[in-house]
Amino acid sequence: MSGFDVKKVREDFPILHQEVRGRPLVYLDSAATAQKPRAVIDALVRFYQHDNANVHRGVHVLSERATEAYEGARETVRRFINAGDVKEIVFVRGTTEAINLVAQTYGRKHIGAGDEVLITQMEHHANIVPWRMLCEQTGAVLKVIPVDDRGELVLDAVDALLTERTRILAVTHVSNALGTVVPVKELTRRAHAKGIPVLVDGAQAVTHFPVDVQDLGCDFYAFSGHKMFGPTGIGVLYGRKELLEAMPPYQGGGDMILSVTMEKVTYNRVPYRFEAGTPNLEGAVGLAAAIRYLEALGMANVAAHDRELLAYATQALESVPGLRLVGTAREKTGVLSFMLADVHPHDVGTILDREGICIRTGHHCAQPVMQHFKVPATSRASLALYNTREDVDALVRGLHKVLEVFQ
């Protein structure tokens, strides 16, 4: 992997170089939130120390510099996902807000009683609850594409579920609970053949492999900064410009207007129409720094590292007695959910924590997935570009200690 050295990458992440409970930290929880490279930390500090001011309407030099940094971040995002126009990039708090924005603007305008919203059984709650709320508000019906026992979508069911009443297809790119990579380009092709727009939840995708929204063909794409080594509280909604321009505002306040009188409000152009109030300036700056960091590594190199480490980790975990992987799709990225014998996932996580190993336990905000696999929760180890085979080996040793405790 030219240009990618995981040992050098780890040097960029200060938080990894510490001991937890007297042991070296092994961080395997990046699907919940990723750690931050020094480049991102430095960008935030530099902004606060030199450029901090509110954006757009100031004429002083700090406001001009802050505006340049904020709008420069928008262009950086556009380039990263290959959007066709910088106006198609809306800054939001994260993936959850992006999906709610679409549901309450595009959805309220186009979806009514008897219409259908199509999602999948493997969605994060952030791509279920907003649509369920919309259906309760409008009388629409929520339909679901099922998954099989490998954790793959049942693609044979899709065409029958895309009906003349379907008004939008909302689908994850990568399952946060299973690691399944969903064929969103093919799903988009099928939906568009019937005139149905597509929203993609890309929160777990953009950190693992290159994403090109024009190649995917989707109408909306949402992701979060904190999953991709950027700050919390910042995210992105990509939307095709013609759709955004036809959508009403999501929230009211400053900067999303052109003029206000007591009789009339004229709304701003996109994307500012959807960015009410003072934005998360430093978040956008930090997100741009995270993107530049990823671009310097090369997303193809990141993806290759991910594939190699996932294959190694899968084989290693399958060697642990009594361990059952939950989600064995043929196309996966860096998530390993599992059950360990009869040990509750919370007990697994607690014992691993004593060994300095951070994993996630619970339903992972994906309860329908848990219901499908007939488990209340799983243990989840998630991999990122700074993880190594040594991290995986430490996890395996930790799991053997869990088994020793419960023998």
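The model is predicted: local features need pLDDT of at least 70, side-chain atom pairs count only at pLDDT 80 or more, and totals for chains, interfaces and linings use all residues. Residues are numbered from 1 along each chain as its sequence is written, and side-chain values use heavy atoms, without hydrogens and water.

**Helix 3 and helix 10**
- Helix 3 (residues 61-81) and helix 10 (residues 281-297) have axes that come within 9 Å and cross at roughly 40 degrees.

**Helix 4**
- Helix 4 (residues 95-110) has 16 residues and spans 21 Å from first C-alpha to last, close to the expected 22 Å (1.5 Å times one less than its number of residues).
- Its buried residues (under 20% relative accessible area, 1.4 Å probe, protein chains only) include Thr95, Glu97, Ala98 and Tyr106.

**Backbone features**
- The Val270 to Pro271 peptide bond is cis, with omega near 5 degrees.
- Pro271 sits in the loop between strand 12 (265-267) and helix 10.
- Arg21 is not a glycine, yet has a positive phi of about 55 degrees.
- Arg21 lies in the loop between strand 1 (19-20) and strand 2 (23-24), and is exposed at 58% relative accessibility (the cut-off is over 50%).
- His364, also not a glycine, has a positive phi of about 60 degrees.
- His364 is in the loop between strand 16 (360-362) and helix 13 (367-372), and is buried at 8%.

Note on methods
Axes fitted to C-alpha atoms, helices over the stretch in contact; angles between N-to-C directions. Helix = DSSP H or I, 4+ residues; strand = E, 2+ residues; numbered from the N terminus.
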